[in-house]
Amino acid sequence: MAEFVDLEIQDSVRMPWNVLPGTKADAANCAIPISAIYTPLKPLPETTPLLPYSPLRCRTCRSVISPFSIVDFSGNRTWICSFCLQRNHFPSHYQGISDQNIPAELFPQYTTIEYETTAPNENVQGGTSNVFLLVVDTCLIEEELGFLKSALLQVLGVFPEHCLIGLITFGTYVHVHELGFGQIPKVHVFKGAKAVTKDQLLEQMGFYAKRPRAAAGVIAGMRDGISHENMSRFLLPASECEFVLNSIFEELQRDPWPVSADQRAAREGAIASKSLSEPIRSHKDLEKDSVTHYHKAVKFYAELSKQLVHQGHVLDVFACALDQVGVAELKVGIERTGGLVVLAESFGHSVFKDSLKRVFLSGTEDLGLASNGVFEINCSKDIKIQGIIGPCASLDKKGSSCSETTIGQGNTTAWKLCGLDKTTSLCIIFDVAKKESPDMITPSSNNQFFFQFLTYYKHSSGKMKLRATTLSRRWDLISGFDQEAAAVVLARQVSYKMETEAEFDPVRWLDKSLIHICSQFGEYQKESPTSFSLSRRLSLFPQFMFHLRRSQFVQVFNNSPDETAYFRMILNRENVNDSIVMIQPPLISYSFQSAPEPVFLDVASISVDKILLLDSYFTIVIFHSSTIAAWRKAGYHELPEHQAFAQMLQAPRDDADAIIRERFPVPRLVICDQHGSQARFLLAKLNPSATYNSESTATPGGDIIFTDDVLGFEWILNQSI
């Protein structure tokens with residue numbers, strides 16, 4: 001798979017089928033759709049230049065010039081668009097180009113390149129474009145409110161200096177804090193149960209005090225009475241409001257309005273009744289459609305997400321509670337605005353505190369946050385776009401490239417990306433256009449087709465940039481199969497289908513997909529399972545499917561709807577490498593006999609004298625076998641003659657810390673001993689090759705798993721043969 005990793009480094013894209021089926025019928029037989037997982041802001045190689053001018057666009061299809069464009073350097077100097085074959089003239093400032101002096105956007109190695117489209121005479125102050133509006137829930141117990149205040153006070157010191165900060169606190173009433181009024185605390189209060197229009201809100205907050213209300217239909221902004229002077233009352237640079245915020249956070253109290261002991265605090269978009277006697281909806285309730293508030297709440301947040309997308313705002317959610325808080329209902333707003341989401345058990349947990357801090361850090365730990373983006377796709381006429389599964393919202397820009405079949409955010413060629421970062425990834429599903437004759441598409445050395453991904457976004461510096469990625473692929477099949485990308489695409493597909501299709505059986509659907517792939521591309525003799533073999537390009541794919549069908553994305557047992565929504569939102573925004581970690585976590589073994597090495601994700605990997613490190617993306621587990629745990633409890637690692645043991649204990653911790661520093665959301669770290677209660681975090685991810693009722697016995701000092709789960713895919717292979 002090294003060749004696919006190299007392609008990802010250059011173009012930030014992974015495709016299950018890098019050489020495509022030649023007809024629509026062939027594409028339908030592939031089981032895995034024609035698709036691409038694209039990371040728009042993945043850091044480019046250092047050798048890739050940033051071009052300080054706007055790109056050349058085709059006058060017909062509006063695609064951007066690329067190394068695949070055909071250039072005529074003689075005469076009038078023209079270039080031919082690789083998508084619509086339109087001939088375009090170079091502007092006057094390109095007159096000096098020749099076959100010996102070509103611009104960077106035509107270099108063959110720069111199939112992905114970035115343009116800085118802000119005009120040179122524009123005065124852009126670094127960082128002023130970022131606005132963070134903190135919305136804080138005060139209906140918490142005193143202990144949790146204390147943890148939250150402590151985390152917010154710590155974050156004050158890491159806010160970017162020039163970003164703007166605002167604050168809203170809410171409980172029974174909503175409090176909008178006027179940070180620019182520094183003499184005494186000044187707050188505008190609104191009743192939470194009362195609907196307030198935009199004009200009523202602006203009038204009560206004094207936006208129309210010095211100028212009349214604008215006529216209907218006038219675009220919001222300076223002409224709508226929202227002047228810089230008015231906004232500066234509520235939004236201040238971090239360097240100017242640190243003292244005010246510090247005072248507010250220190251004095252912040254829980255919501256003073258009494259709530260009966262058998263009641264919940266009232267909320268807009270409620271997910272449960274006020275009575276605590278009614279449990280919050282479960283997966284079983286959703287399956288039976290016996291949920292009183294769920295559909296109403298989802299509709300409420302869907303309408304809110306439309307307003308957020310229209311304004312270019314991002315909804316980030318940091319939810320911390322032992323019970324559910326409504327993340328499943330909020331999912332539509334978070335995903336369509338490209339928001340971040342963190343789910344933890346407590347505001348005192350490192351998962352919350354460290355993740356919140358990471359949002360505002362710069363330097364090597366910078367998330368690479370960008371905003372107000374637009375994503376467009378151009379493709380050859382033989383390819384159609386079904387849609388995107390990921391953090392985006394449709395802009396309803398219909399065109400000839402739209403497929404009749406839609407999935408996710410479909411029936412458009414342009415999408416809004418309100419918020420994105422350097423790991424945000426979009427799963428784009430394509431379709432092969434119908435061909436009346438197979439002869440119209442024949443694999444040949446010159447039969448190419450093209451994709452172009454255009455991402456126009458506002459950088460954290462305040463400058464507008466355009467990243468253009470142009471890809472070329474050919475018509476064929478198995479020689480270009482990327483099994484990691486295929487597994488991730490199926491994971492996003494099955495998650496989407498589980499949420500949108502009634503009575504959908506995800507395990508059966510995945511099994512049928514695997515059977516189809518194995519029967520189509522495997523080599524075997526009828527009724528002889530031992531004869532079955534797969535090409536090395538597909539050899540890992542059955543393993544991925546085995547672990548996917550057992551993952552938290554498919555198996556919702558023992559997870560709440562909030563947790564399931566959280567896991568799926570992270571899956572839908574991360575790149576292929578991180579998604580594969582979620583599907584099939586890597587397991588590293590540490591021992592005295594060898595250097596750290598990867599081992600099978602199997603219960604047989606547990607050994608008496610080893611330490612295991614499991615990275616399941618959301619949780620990192622350091623597992624001490626029974627002997628290692630006994631030595632540690634005896635304090636051997638503290639003795640000078642046992643420095644090797646001390647180094648062995650420290651090695652997985654150092655590796656775990658390195659992973660934690662690079663990841664968002666910050667994962668939970670679990671350090672456990674064999675046969676301890678927290679060992680379940682490891683055992684739940686292992687292949688149960690040794691169970692309580694299997695013929696296989698555990699290795700000496702090993703373990704068994706109490707489960708009736710399947711051991712592998714032998715029975716699936718039997719069916720396919």
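In this predicted model, the buried residues of helix H14 pack against helix H7 (283–288), helix H9 (327–336), strand E15 (341–344), helix H11 (483–500) and helix H15 (576–583). Helix H14 itself spans residues 561–571 and is mostly covered, with 10 of its 11 residues counted as buried. Those buried residues begin with Pro561, Asp562, Thr564, Ala565 and Tyr566, and they continue with Phe567, Arg568, Met569, Ile570 and Leu571.

The chain around this helix has 721 residues, of which 49% count as buried, and its secondary structure comes to 19 helices and 29 strands. When contacts between residues at least 6 apart in sequence are considered, 68% of them join residues at least 24 apart. The accessible surface of the chain comes to about 34,400 Å², and carbon and sulfur atoms account for 52% of that area.

The structure holds three cavities of 30 Å³ or more, and the largest cavity contains about 60 Å³ of space. Its lining is formed by His547, Arg550, Ser551, Met582, Ile583, Pro585, Ala684 and Lys685. By residue class, the lining of the largest cavity divides into four nonpolar, two polar and two charged residues. Met582 and Ile583, which are among the residues lining the largest cavity, fall within the range of helix H15 (576–583), one of the elements against which the buried residues of H14 pack.

How values were computed. Residues numbered from 1 in each chain as written. Predicted model: local features only at pLDDT ≥ 70, side-chain atom pairs only at ≥ 80, totals over all residues. Heavy atoms only, no water. 1 Å grid on protein atoms, 1.4 Å probe; cavity = no way out; pocket = protein on both sides within 12 Å on 5 of 7 lines; lining within 4 Å. Points joined across faces, edges and corners; volume = space filled by probe spheres on them. Nonpolar A, V, L, I, M, F, W, Y, C, P; charged D, E, K, R; others polar. Helix = DSSP H or I, 4+ residues; strand = E, 2+ residues; numbered from the N terminus. Buried < 20%, exposed > 50% of the residue type's maximum accessible area, 1.4 Å probe, protein only. Contact = heavy atoms within 4.5 Å. Areas by Shrake-Rupley, 256 points an atom, 1.4 Å probe, with all protein chains shown as cover.
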